[in-house]
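Subject: Structure handover

Hello,

Here is the structure I promised to pass on. Please open it alongside this email.

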Amino acid sequence: MTPHQIALNDGTQIPQIGFGVFLIPEEETQRAVELALEAGYRHIDTASIYGNEKGVARAITATGLPREDLYITTKLWNEDQGAATTRPALEASLERLGLDYVNLYLIHWPVPSRNLYRETWEVLEEAANDGLTRSIGVSNFLEEHLTALAAMGGRIPVLNQIEVHPTLPQHDLVATNTAMGIATEAWSPLGRGADLEMPEVTAIASHIGATPAQVILAWHLQRDRIVLPKSVTPERIQENLAAAEITLSPADLEALDDLDTGVRVGPDPATFIG
């Protein structure tokens, strides 16, 4: 099956279900990405800090899929932010990926303590104009960081990749993204597995005959978020993609909306340095 596409604010489209490779070791990445591409994924999300861009490249080569059929995202690491270092970091990622361009390049974290994300954004705008990336966006940005970028008067990020799952739905930040025309992409969409055990999730899964992971992913999809489930198990890779075929009732969606505990599984973007 081909994942549904979400329209972005620059006129491009992104497959709503992507395959994330966070914490997949380099030596396992090629096989995992090959399995994902064989299952029907066309959107692969990596980052320079993951250390597995070369594994993604080998998988792309091995599968032989046309470049225009693939959506590849990578990210700028925190220490590479700045006017002089951002473009070389992007070029290094392109070399490791074996690509002339990526579909999406993200600032990985705002790192407000260094206050370099605005000048970094200007470099990303130039890189997009030069064709090194089709789209530009951000990851882990809070409202004040998004507002600061918008005030520059240039491009608006096409998406904000943030931690979102049932116990941390980030309703206010998602609403800010939407109001600014920025798509929301969920990393750790299953709460690193912890949310799969929530009684509300397992009850819905039992009732509709789906896995808990499929229930949570379907919740994201019906709330118009882009998701990045990760697995190295062939069956789970296929099951996650099949979540697009599941429809939750309004009551089920609301039940999952109400599971907010405010507890993060990842760092706080307001203070994280990396």
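Predicted model: local features only at pLDDT ≥ 70, side-chain atom pairs only at ≥ 80, totals over all residues.

Eight strands form an open sheet with parallel pairing. Their order is β3-β4-β5-β6-β7-β8-β9-β10. The edges are β3 (19–20) and β10 (226–227). Each has a single partner strand, so one side of each is left without a neighbour in the sheet.

Around β8

Start with β8, residues 159–163. Five of its five residues are buried. On one side, β8 pairs with β7 (residues 133–139) in the parallel sense, over two bridges. Ser139 has Gln161 of β8 as its bridge partner. β8 also runs parallel to β9, and five bridges join these two strands. There, Asn160 stands opposite Thr184 of β9.

β7, helix α5 (residues 143–150) and β8 make up a right-handed β-α-β unit. β8, α6 and β9 make up a right-handed β-α-β unit as well. Helix α6 covers residues 171–179 and lies across β8 and β9 (183–187). The angle between α6 and β8 is about 175 degrees.

Tyr50

The UniProt record, an unreviewed entry, carries the annotation "active site" at Tyr50. Where does Tyr50 sit? Its place is the loop between β4 (43–45) and α2 (53–63). Is Tyr50 buried or exposed? Its relative accessible area is 18%, under the 20% cut-off, so Tyr50 counts as buried. Leaving out residues up to four places away in sequence, Tyr50 touches Val21, Phe22, Asp45, Lys75 and His108.

Pro212

Pro212 belongs to helix α8, which spans residues 212–222. With a relative accessible area of 27%, Pro212 is partly exposed. Which residues does Pro212 touch, not counting those up to four places away in sequence? They are Leu196, Val201, Thr202 and Ala205.

The cores

In soluble globular proteins, nonpolar side chains tend to be buried together. How many residues does the largest nonpolar core have here? It has 67. Phe19 and Leu248 have the most contacts inside this core. The largest share of the core comes from α8, with seven residues.

Take a look at Leu248. Its contacts, leaving aside neighbours within four places in sequence, are Ile204, Ile208, Val215, Ala218, Trp219, Gln222, Leu253 and Leu256.

Another core lies apart from the largest one. That core has 10 residues, including Leu104, Leu106, Val158 and Ala183.

Best wishes

How values were computed:
Residues numbered from 1 in each chain as written. Heavy atoms only, no water. Pairing = 2+ DSSP bridges. Helix = DSSP H or I, 4+ residues; strand = E, 2+ residues; numbered from the N terminus. Contact = heavy atoms within 4.5 Å. Axes fitted to C-alpha atoms, helices over the stretch in contact; angles between N-to-C directions. UniProt positions renumbered as here; feature names shortened; annotations may be inferred. Buried < 20%, exposed > 50% of the residue type's maximum accessible area, 1.4 Å probe, protein only. Right-handed = clockwise from strand over helix to strand, strands pointing away. Core = buried A, V, L, I, M, F, W, Y, C linked by side-chain atoms within 4.5 Å.
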